[in-house]
Amino acid sequence: AALYGVPGWGADYFTVDESSGTLLVKPDGENGPALDLYQLTQSLQAQGVRAPMLFRFLPIVGHRIEKLNAAFRAALDRFEYQGAYRGVFPVKANHDKALIQAIVDYGEPYGFGLEVGSKAELVMVMSQLAGRPAGTNLVCNGYKDSEYMELVLHCRELGMNAMVVMEQYSELDMLLAAARRLGVRPSIGIRAKLTTRHNGHWGSTSGDKAKFGLRAREIVAVVNRLGEEGMLDCLNLLHFHVGSQITNIRMVKEVMREASFLYAELVQMGAAMSYIDCGGGLAVDYDGSFTDSAASMAYTLQHYANDVVSAVQEVCIQRSIAPPTIITESGRALASHHSVLVFDVLTTPECLEEKREEQEEVVESIEIRDDKPLTKQLRAAARSGKGTFLLMTFKEVFENITADASALREAFNDASYFKDEAVRAFKLGVLSLEERAQVDMMFDAACERIREVAREHDLPLPDALRPDAALPHTKMYHVNLSVFRSAVDSWAIQQLFPIVPIHRLGEEPTVPAMLADLTCDSDGKVDKFINPKGGEPLPALPLHPLRHGDKYFLALFLTGVYQEVMGSVHNMFGSLNTVVVGRQPGAPAGVGVEVHVAADEGTPAAMNGELPHGGPPEPWMQLGAVLLLHPCLPADSATTSSATSPSSCSLCSMAGVEADSG
Ligand code: PLP
């Protein structure tokens, strides 16, 4: 578990069962029951749902919402803040229907709302929020036309607290015209371009040159115009967003100070302000190192909530104004953990093992006659041709692999040198292709031998041979996945996601590997991996040797935002089988988890094997099974008291649920 950094990035949801060596998921958080991801994958495979499959653990989203609200509740109490906190989820992060529905359901007790960044998103969420408690916040950002403005006003008529945020001065006329046409008073927000910038990849979202938002003079112009129209009571919200994945909390403090003073100024100019919307930016610890490296965060959720609340409170006291309702738009922090992509390795063990047999043959075939000193034999080999000479020198390398740390280092250096020599000799035309292949095999055999000796005598491996080091000998594992479809940020912006085998975790992973996907694009690979200690990413992932007849499954974690919505259909690879793990309506935490499977119509058979129905898939296939976590209840009810014992419950054993797991 530590090798892959699971205790760090796994947060409350992912852990390793040391006895079975499998990866466990805790949909209800740390203290909830655990699902064995490997067993679940296998039972789904047995039912015809083939990898790659995207698991959507909806209770994790519920848990994230609870944690976010608990942190803000604690901060409000600590600073005796008299206003409220109301989070919203930015739909752009992931507009999947099941996810949005879960967010709205789990968020209802907290008055949690949604944020949209386009007209299409607005139309989609209208159907989700209609019929929900009146006054649910709906923050409307993005480019707008007059139809967009009218839709926002209709949302107000439907009882939602829809607030339209001015991102450009020109939007104001459009809004005022729509409001006049429909006779509805709008609730207006202003998106400010703050001068504070953050340094990460998304830092350009902030600062003077930011794409969106109004500068100081435009903000004043909006206030004056609304004053002239007698509509200053409609100006209610200040919005800003300084960029995603803020890794350093100092940045939050600075930006909150600037924004809080701006808010206070708007109040003092006569606007009926009541909301300060701090946008997104709350980071996710992808490598679990708890540092301010790009893949991590050097602060806790509670730190973040404290800094947001205390900054607003300080300015409100200083300026004697009423504390606003604080809104945040966390996308990444809320939904990253909920989805897990499980995929299999397509490389067969034969390609790796056959080579080993051949390697041994080549080593055996080089004869060293005992009656002559090795140097003499080498000289003779040099006279007979470059290839024979190189093979002989490799033989010498073998002779020098003795149980001593420095001898191992030297042997490795020599082997690397002779391998490079072979390439040079080939380019000069003095080495045949067959001889070059033999040198390659000798190199691999030498590395293998060095590893064996190090293991047997408990000696340190040469740095370059450690399983997490990138080397010419790093193995390429071809995986049933498209990086462009499922982890596009790992290609586009070199984002790191944790990747871990979901079984065999009790065995030492001895193969340094990189992953090559199924697309015919050389960029379709993962060759940088999280470093659980923070800092530079690792160039190889330690994996297990492949075994005959055994599928080897890996999972890609923390992919719940931006990857699905930005993923492309490069090579026409469609969506994946999606497995939605949710709770039966009304069931308490840990009871009654349902599994649904959706197969996308565009999914080519090559990606998914045979589709579940053998024909065109239904949009949704309910597996008929209700996985009951604990206690075991009959599938048709989550409330009945006739419990089955876990050991006799086939559904529970399918999910790998232990009798005492709750
Ligand atoms: N709000 C706005 C306006 C955004 O542009 C974004 C994303 O960039 C977010 C919220 C979500 O940010 P994050 O996922 O970092 O929480």
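Trainee: Where is Ser-320 found?
Mentor: In this predicted model, Ser-320 is found in the loop between α10 and β12, and its phi is near 50°, a positive value in a residue other than glycine.

Trainee: And which peptide bond is cis?
Mentor: The bond that joins Ala-51 and Pro-52 is cis, with omega at about 5°, and Pro-52 belongs to the loop between α2 (37–46) and β4 (53–57).

Trainee: Back to α10 for a moment: how does α3 cross α10?
Mentor: The axes of α3 (residues 58–78) and α10 (residues 301–319) come within 8 Å and cross at roughly 45°. Since angles under 35 degrees count as roughly parallel and 65 to 115 as roughly perpendicular, α3 and α10 are therefore oblique to each other, and their crossing is right-handed.

Trainee: Which residues of α3 and α10 meet there?
Mentor: From α3 there are Lys-67, Leu-68, Ala-71, Phe-72, Ala-74, Ala-75, Leu-76 and Arg-78, which meet Leu-301, Gln-302, Ala-305, Asn-306 and Val-309 of α10. Sorted by class, the contact of α3 with α10 holds nine nonpolar, two polar and two charged residues.

Trainee: What about α9 and α10, at what angle do they pack?
Mentor: Helix α9 (residues 249–268) packs with α10 at an angle of about 30°, and their axes are 9 Å apart. Angles under 35 degrees count as roughly parallel, so α9 and α10 are roughly parallel to each other, and α9 passes α10 in a right-handed crossing.

Trainee: Which residues make that contact between α9 and α10?
Mentor: On the α9 side the contact is made by Ile-249, Val-252, Lys-253, Met-256, Arg-257, Ser-260, Phe-261 and Ala-264, and on the α10 side by His-303, Tyr-304, Asp-307, Val-308, Ala-311, Val-312, Val-315 and Arg-319. The residues of the contact of α9 with α10 divide into 10 nonpolar, two polar and four charged.

Trainee: Then the other helix pair, α15 and α16: are they roughly parallel or roughly antiparallel?
Mentor: Helix α15 (residues 405–427) and helix α16 (residues 433–456) have axes 10 Å apart and pack at an angle of about 170°, which makes α15 roughly antiparallel to α16.

Trainee: How many charged residues does the contact of α15 with α16 have?
Mentor: There are two charged residues in the contact of α15 with α16, alongside 13 nonpolar and no polar ones. Among those that meet are Leu-408, Phe-412, Lys-419 and Phe-426 in α15, and Arg-436, Phe-443, Cys-447 and Ile-450 in α16.

Trainee: How many bridges pair β7 and β8?
Mentor: Strand β7 (residues 137–140) and strand β8 (residues 161–166) pair in the parallel sense over four bridges, and the bridge partner of Leu-138 is Ala-162 in β8.

Trainee: Last topic, the ligand: which residues are closest?
Mentor: The closest are Ser-244, Gly-280, Glu-329, Gly-331 and Arg-332, out of 17 residues that surround the ligand.

Trainee: How does that shell divide by class?
Mentor: The residues of the shell around the ligand divide into five nonpolar, nine polar and three charged.

Methods
Residues are numbered from 1 along each chain as its sequence is written. This is a predicted model: local features need pLDDT of at least 70, side-chain atom pairs count only at pLDDT 80 or more; totals for chains, interfaces and linings use all residues. Two strands pair if DSSP finds at least two bridges between them. Helices (H or I, at least four residues) and strands (E, at least two) are DSSP runs, numbered from the N terminus. A residue is near a molecule or strand if its C-beta atom, placed from the backbone, lies within 6 Å of it. Ala, Val, Leu, Ile, Met, Phe, Trp, Tyr, Cys and Pro count as nonpolar, Asp, Glu, Lys and Arg as charged, and the others, Gly among them, as polar. Axes are lines fitted to C-alpha atoms, for helices over the stretch in contact, and angles run from 0 to 180 degrees between N-to-C directions. Angles under 35 degrees count as roughly parallel, over 145 as roughly antiparallel, 65 to 115 as roughly perpendicular and the rest as oblique. A crossing is left-handed if the near helix is turned anticlockwise from the far one by less than a right angle, and right-handed if clockwise. Two residues are in contact if their C-beta atoms, placed from the backbone, lie within 7 Å.
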